[in-house]
Amino acid sequence: MSIRAHESSPQPTPPVSPDPAPALCDYEGSAYRVEFWTGERAFEDQAERLALRTLLPPSGARLVEIGAGFGRLADLYAGYTQVILVEPALSMLHQAQERLGHDARFIFVRSSVYDLPLQDQTLDTVVMVRVLHHLVDVPRALTELRRIVRPGGAFVLEFANKRNLKSMLRFALRRQTWSPFAREPYEFVPLNFDFHPTWVSQQMQRAGFAVQRAVAVSHFRAGFFKRHWSAARLAALDGLLQRYASALKLAPSIFVQAQVPPTTTPVAASGLFRCPACHGIDLVAAVDSLTCPACGQAWPQRDGIYDFIQ
Ligand SMILES: C[S@@+](CC[C@H](N)C(=O)[O-])C[C@H]1O[C@@H](n2cnc3c(N)ncnc32)[C@H](O)[C@@H]1O
């Protein structure tokens, strides 16, 4: 994986954070779909789908998936009237479009999680899978995600668990120097982090989410198991552990279900998009762009993709 550092409101709200966006783990042009998901990761894919089927509200008006990649999980959103796939890598969005573009329910948006071009409280459900481990500034991302969920809406988040069984055993046998019990994130290669479940839960609560349930996923992510049993059988066993052993949090992947408290003060949204630069709303649509009347910035729309990265 290449890593390169790298509707009208006269009174736009000030930016969430004046800081420049943190470095992004760049998937532009990567062969992620073919190299990562073809063949030997069928077990992980099936196990993750089981967890999502358990945790996702099955239907609603609007769902957004952040860092949706090539739209691997999009078939799970069949119960939603509108599905927004947000992803910073254009090449990934093109692949998602090839898979899903025939379905008018899907909206393709190029953006990072840090400055979402979506109005406050416009989503029933937000999903983010296999993305948190690329984020340097988790509090900023969670604050932004909390902003777009309506009161009573759901957030399903997957993260890489540093306190999994394998890393605890390796640490006990002195084959690993870093402690899986330390709360802070562990960056094992640049822009790739493992997280402690308690730390993630605290960050979600600080951002204003009420954490409801956590499911441990992918207990059999090892060559030994995959060589001896089929992906379907391992996923079925994983499903049992997801149900009965999640409290132990021994698996390398954790899915958390959270809610924005229904008592949160509702705000009126005038549409879906807002300007990520100045936060103006009521963007004016032309054939090939959305223009912000507050700051004048024109955001291109090319080949069915709304591009909010300057
Ligand atoms: C490992 S892939 C996961 C893709 C998809 N969620 C899945 O599970 O198949 C990580 C994705 O996160 C995206 N990503 C990385 N940094 C991001 C950021 N700051 N905001 C939104 N997405 C990001 C990448 O472009 C990439 O598509």
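**The sheet and its surroundings**

Guide: In this predicted model, 11 strands make up an open sheet of mixed pairing, in the order E8-E9-E5-E4-E1-E2-E3-E13-E12-E11-E10. Strand E8 (210-217) and E10 stand at the edges with a single partner strand each, so one side of each has no neighbour in the sheet. Strands of a sheet pair through backbone hydrogen bonds, in either the parallel or the antiparallel sense.

Consider E1 and its two partners. E1 pairs with E2 in the parallel sense, over six bridges. One of the residues involved is Gly60, whose bridge partner in E2 is Tyr80. E1 also runs parallel to E4, and three bridges join these two strands. Val64 stands opposite Val126 in E4. Why is E1 described as largely enclosed by the rest of the structure? The reason is that five of its seven residues are buried, where buried means under 20% relative accessible area.

Towards the other end of the strand order, the pairing of strand E11 (residues 289-291) with strand E12 (residues 298-302) is antiparallel, over three bridges. Leu290 has Trp299 as its bridge partner in E12.

His279 is buried, because its relative accessible area is 5%. Asp282 is also placed in the loop between E9 and strand E10 (284-285). Its phi is positive too, at about 55°, although Asp282 is not a glycine. Asp282 counts as buried because its relative accessibility is 18%, and the cut-off is 20%. Asp282 and Arg140 are 142 residues apart along the chain, and their C-alpha atoms are separated by 25 Å.

Next, the packing. The largest nonpolar core has 47 residues, and Met128, Leu145 and Phe155 touch the most other members. Two or more residues of this core come from each of strand E1 (60-66), strand E2 (80-86), strand E3 (106-110), strand E4 (123-128), helix H4 (138-148), strand E5 (149-160), helix H6 (197-206) and strand E9 (253-259). H4 gives the most to this core, with five residues. Leaving aside residues up to four places away in sequence, Leu145 touches Ile66, Val113, Leu116, Val126, Met128, Phe155 and Phe209.

Phe43 and Leu52 are among the buried residues of H2, together with Glu44, Asp45, Ala47, Glu48, Arg49, Ala51 and Leu55. Helix H2 (residues 42-55) has 14 residues and reaches 20 Å from its first C-alpha to its last, close to the 20 Å expected at 1.5 Å a residue. An α-helix has 3.6 residues a turn, so residues three or four places apart point the same way.

Finally, the aromatic rings. The structure holds 19 aromatic pairs. One of them joins Tyr27 and Tyr32 edge-to-face, with 5.5 Å centre to centre and 80° between the planes. Tyr27 counts as buried because its relative accessible area is 15%, and Tyr32 because its relative accessibility is 14%. The pair of Phe195 and Trp199 is stacked, with 5.7 Å centre to centre and 10° between the planes. Phe195 and Trp199 are both buried.

Tyr27 and Tyr32 also belong to a cluster linked by ring pairs, along with Phe36, Trp37 and Phe70. The charged end of Arg41 is over the ring of Phe36, 3.7 Å from its centre, and that of Arg72 is over the ring of Trp37, 3.8 Å from its centre.

How values were computed:
Residues are numbered from 1 along each chain as its sequence is written. This is a predicted model: local features need pLDDT of at least 70, side-chain atom pairs count only at pLDDT 80 or more; totals for chains, interfaces and linings use all residues. Side-chain values use heavy atoms; hydrogens and water are left out. Rings of Phe, Tyr and Trp (its six-membered ring) pair if their centres lie within 6.5 Å; planes under 30 degrees apart count as stacked, over 60 as edge-to-face and the rest as tilted. Buried means under 20% relative accessible area, exposed over 50%, partly exposed in between (1.4 Å probe, protein chains only). A charge sits over a ring if NZ of Lys or CZ of Arg is within 6 Å of the ring centre and within 35 degrees of the ring normal. A nonpolar core is a set of buried Ala, Val, Leu, Ile, Met, Phe, Trp, Tyr and Cys residues joined through side-chain atoms within 4.5 Å. Helices (H or I, at least four residues) and strands (E, at least two) are DSSP runs, numbered from the N terminus. Contact means heavy atoms within 4.5 Å. The expected span of a helix is 1.5 Å times one less than its number of residues. Two strands pair if DSSP finds at least two bridges between them.
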